[in-house]
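Morning, everyone. I have one structure to walk through today. Let me put it on the screen.

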Number of protein chains: 2
Amino acid sequence: MIIDRLYEEVERKGNVCVGLDTSLEYIPSTMKNSYHSVDDVLFYFNKRIIDATIDIVPCYKVQIAFYEAHGLNGMLAYKKTLDYIRNRGAIAIADIKRGDISSTAKAYAKAHFEGDFESDIITLNPYMGFDSVVPYLDYVKNKEKGLFILLRTSNEGAKDIQYLNIDGKEKVYNYVGDKIKDIASKHMGKCGYSSIGAVVGGTHLEEADEIRDRLGNIFFLIPGYGAQGGSGSDVASYLENGNGGVVNSSRGIITSYKKYEDGIEKLDYYVRKAALDMKEDILSETKTM
Amino acid sequence: MIIDRLYEEVERKGNVCVGLDTSLEYIPSTMKNSYHSVDDVLFYFNKRIIDATIDIVPCYKVQIAFYEAHGLNGMLAYKKTLDYIRNRGAIAIADIKRGDISSTAKAYAKAHFEGDFESDIITLNPYMGFDSVVPYLDYVKNKEKGLFILLRTSNEGAKDIQYLNIDGKEKVYNYVGDKIKDIASKHMGKCGYSSIGAVVGGTHLEEADEIRDRLGNIFFLIPGYGAQGGSGSDVASYLENGNGGVVNSSRGIITSYKKYEDGIEKLDYYVRKAALDMKEDILSETKTM
């Protein structure tokens, strides 16, 4: 199962997930000028990031919005990026946050687990209900694929729906967590986690222990480190014995070179350094029990 | 504003929105065999549907999942379909149900309101909160674009989140409706409706009057007619004086030809007939006050 592969990779390489939210403004103009098409610019920048980090991170999260924004050429860069990650043996998480039902969900599953845009794990949005998750489960069971379902996000607006109180007791996100747990229990890996995981923002520390305890078998995709304010100790609370989750950082890694005078010449070095520093930051705070 | 254009088109042409959820199995094999690439097959089928109905329907809803499922070629067909609808003067609703925050939401806005995949109105998923809607509002205000935000859907799983009781009183979807109303009030058209509308499944009649009353200025995109079980009288309850909403049908129209022995030869005729029948069915049930 994909979760066993991810668990093993985390054991070997740590918890950093590099976010390829590649915006043109993150790319040095020297690189932008060396390629004729936007798909080459985006892809060859991503390739450099991947080459600089592939031995020290378990996975990459590719945010599809940044590629859709460039139309057909962007989608070509998206495809090439996913292919490159997977061909080099790393795990590609497609951050697509799709959420739809029946034949439409089936079409999304085909789109992102087969063909041009094939990835290993996708993110999903549960608002339409948990029948919207079912069409993906065949791929989880039979094709080594995984899902991270949005549970509780790290933005201000998370309170609008996710934090509403149901019947005066539970919050919507707790309820969503219980539903994810139900589905997850049917897709357990040997490592003790399920191939159905959850997206949990790495802020709001006060809830981290409760969420971790309640969702024991759920592997977390944790955004919010760095640019969004989460620290190593914040995100470490969502982990267990250094595993059970990967922590995403995009700008904090892929634009790290911009802080240095020789950043453009030594882009690869600084990107790698940022990923290593983050890995150490999380590791130093990780609870072992 | 886009909503004034949509309102006018509905006044002239009725409430039918043709859903281009174009799956290869919906297309006659004679057509599939006449084109070399999947993008031509999908596009030329859509073109026939559009040509057969453009004078009798105000808009088309293009479900992006069915195009993503065919990778880069599918996305090319998606682009060509949107371009064709808009070039012929109809309104193109991109059913993308995206939902994300800050720079990612900005990238989605750029992706679907500019460039290759430009549409007139997009659907959004509110689960991450209403800050996820903000990045689109510039386009609503300054570029004649619109949004339909998921409120209450027609699938079985809608109960999982949308129907949860908040603090023992309101349902999540009522709360979402109130939030949509707040945002919508700042983007009102001359017609009395807002360019920020809502997606409301055309089933669950018992709630239709309440929803229509509560959300007076909200224009509805109503799926669920036909294949999903909604009738003309069901969906008419969500309308007001024959306007205030468009009713989507996909399979019910685009595969209608399959019911007839001479369906393939007279595909255009039967598709048009299905749209006209639907238009009449809704019109005959519409309340005028």
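One definition before we start: a residue is buried under 20% relative accessible area, exposed over 50%, and partly exposed in between. Keep in mind that this is a predicted model.

Let's take a single residue. Asn217(A) has a relative accessibility of 36%, so it counts as partly exposed. Where does it sit? Look at the loop between helix H10 (208–214) and strand E9 (220–222) of chain A. Set aside the neighbours within four places in sequence, and Asn217(A) contacts Met188(A), Gly192(A), Tyr193(A) and Ser194(A). For a distance, take Gly146(A): 71 residues away along the chain, with 14 Å between its C-alpha and that of Asn217(A).

Now the two chains. Rotate chain A by 180 degrees, with 0.0 Å of shift along the axis, and it superposes on chain B with an RMSD of 0.0 Å. That is the relation of a two-fold axis. Both copies use the same surface: 100% of the contact residues of chain A recur in chain B.

Next, the interface. Chain A puts in 57 residues and chain B 58. Together they bury about 4700 Å², with 59% of that on carbon and sulfur atoms.

How many salt bridges run between chain A and chain B? Six. Asp100(A) and Lys97(B) form a salt bridge through their side chains, at 2.7 Å, N to O.

On the chain A side, H6(A) gives the largest share, seven residues. That side divides into 27 nonpolar, 17 polar and 13 charged residues.

Note on methods: Residues numbered from 1 in each chain as written. Chains lettered and ligands numbered in written order. Predicted model: local features only at pLDDT ≥ 70, side-chain atom pairs only at ≥ 80, totals over all residues. Heavy atoms only, no water. Helix = DSSP H or I, 4+ residues; strand = E, 2+ residues; numbered from the N terminus. Buried < 20%, exposed > 50% of the residue type's maximum accessible area, 1.4 Å probe, protein only. Contact = heavy atoms within 4.5 Å. Least-squares fit on C-alpha atoms with pLDDT ≥ 70 in both. Buried area = accessible area lost by both parts, 1.4 Å probe. Salt bridge = Lys/Arg side-chain N within 4 Å of Asp/Glu carboxyl O. Nonpolar A, V, L, I, M, F, W, Y, C, P; charged D, E, K, R; others polar.
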